[in-house]
Amino acid sequence: MVHQQSSQARLSPSGDTEDMAEMSRLLAPRLAYFAGVARTEHVTRAAHEMNVPQSTLSRAMARLEQDLGVDLFARHGRTVSLTTAGRTFLASVERALAEVERAAEEVRADADPATGKVAFGFLHTMGAETVPGLLHAFRADHPRIRFSLVQNYGEAMLERLRAGELDLCLTSPVPDAPDLVARRLDEQKLRLVVPADHRLAARRRIRLAEASDETFVTLEPGYGLRRITDDLCREAGFRPRVAFEGEEAETLRGLVAAGLGVALLPPPTVPRPGVVELTVTAPRAVREIGVAWLADRADTPPVAAFKKFLLSRRGSLLPA
């Protein structure tokens, strides 16, 4: 085949990343046209089946061969046949188009109002009781909506939200950032957890300042509950002396039961032997729970439905 020379230089066959990206950008729109012509072995018939002008299809095939630097078709009057290079290229093109179609079908399915998917993140401490109860209530009216569930600490969830890996997340403290929308849903009382044989264990209530000389066990820096603990202790007039840092509230309860310190924690799902949980009267020891999402992202129907449901639970999100 003979092609007219273009003023645009042929793409470099080098492995340079920028060259590969440019080649993909140029070739991608023409791949379906190529597969159609290869399937029918007739440009006119392929143009009719794909509902595009024959001249458009012919130019696209000529440009594709020019960009690749090889002949993909041999001409035989009104028909064409694949060259050896064309057959090699077709095998990869068909796989690529099939993968694109699979991905398109997947995102269409995820956005389906009745059977779509919600990527939902939440704090570890809400995984045993709060979130299962929420999902049970939501699915009473939306029985076929699917969920991808992620448990993590607040900052990690917000990172995944910004990366597009989550649609919504329940977190604490409620974030205040220009790229996010956040709504306060509820608050949860925090208690001072002490060993059962501790000097304060006979008390029911305590001012946090009375624990200023105690050794604390806390979550690691970066966790929302750690920030709240530090802030409450500062408000009470002291800086906590931290002996152990962990990643799970129930692990901290275990450390307290072992006599390794005290901790400010939300109520447990199941009472833990070996500890006593004291109401903190001053300062007011609570953590706010809120839902957050990206400000500039349009919701799919299932995400919109679940967001509306969560907002309807304002003030009654947590078990009584």
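Where is the place of Lys-307? In this predicted model, the spot to look at is helix 10.

**View 1. Lys-307, a buried lysine in helix 10.** Lys-307 has a relative accessible area of 11%, so with the cut-off for buried at under 20%, Lys-307 counts as buried. Skipping residues up to four places away in sequence, Lys-307 touches Leu-168, Trp-293 and Asp-299. With Asp-299 there is also a side-chain polar contact, at 2.6 Å.

View 2. Asp-299 comes out as partly exposed, at 32% relative accessibility. Beyond its neighbours within four places in sequence, Asp-299 is in contact with Ala-304 and Lys-307. If you zoom out to Glu-247, 52 residues apart from Asp-299 along the chain, the two C-alpha atoms sit 32 Å from each other.

**View 3. The largest nonpolar core, 35 residues.** Phe-120, Met-126, Leu-168, Leu-170, Phe-306, Leu-310 and Leu-317 are the residues that touch the most other members. Elements that each supply at least two residues include strand 3 (117-122), helix 6 (130-138), helix 7 (154-162) and helix 10 (301-312). Strand 13 gives the largest share, five residues.

**View 4. Leu-317 and what it touches.** Setting aside residues up to four places away in sequence, the contacts of Leu-317 are Met-126, Thr-130, Leu-134, Leu-170, Leu-185, Asp-186 and Ile-289.

**View 5. A second, separate core.** This one has 30 residues, among them Tyr-223, Phe-238, Ala-249 and Leu-252.

How values were computed. Residues numbered from 1 in each chain as written. Predicted model: local features only at pLDDT ≥ 70, side-chain atom pairs only at ≥ 80, totals over all residues. Heavy atoms only, no water. Core = buried A, V, L, I, M, F, W, Y, C linked by side-chain atoms within 4.5 Å. Buried < 20%, exposed > 50% of the residue type's maximum accessible area, 1.4 Å probe, protein only. Helix = DSSP H or I, 4+ residues; strand = E, 2+ residues; numbered from the N terminus. Contact = heavy atoms within 4.5 Å. Polar contact = N/O pair within 3.5 Å; in protein donor to acceptor, adjacent residues only side chain to side chain.
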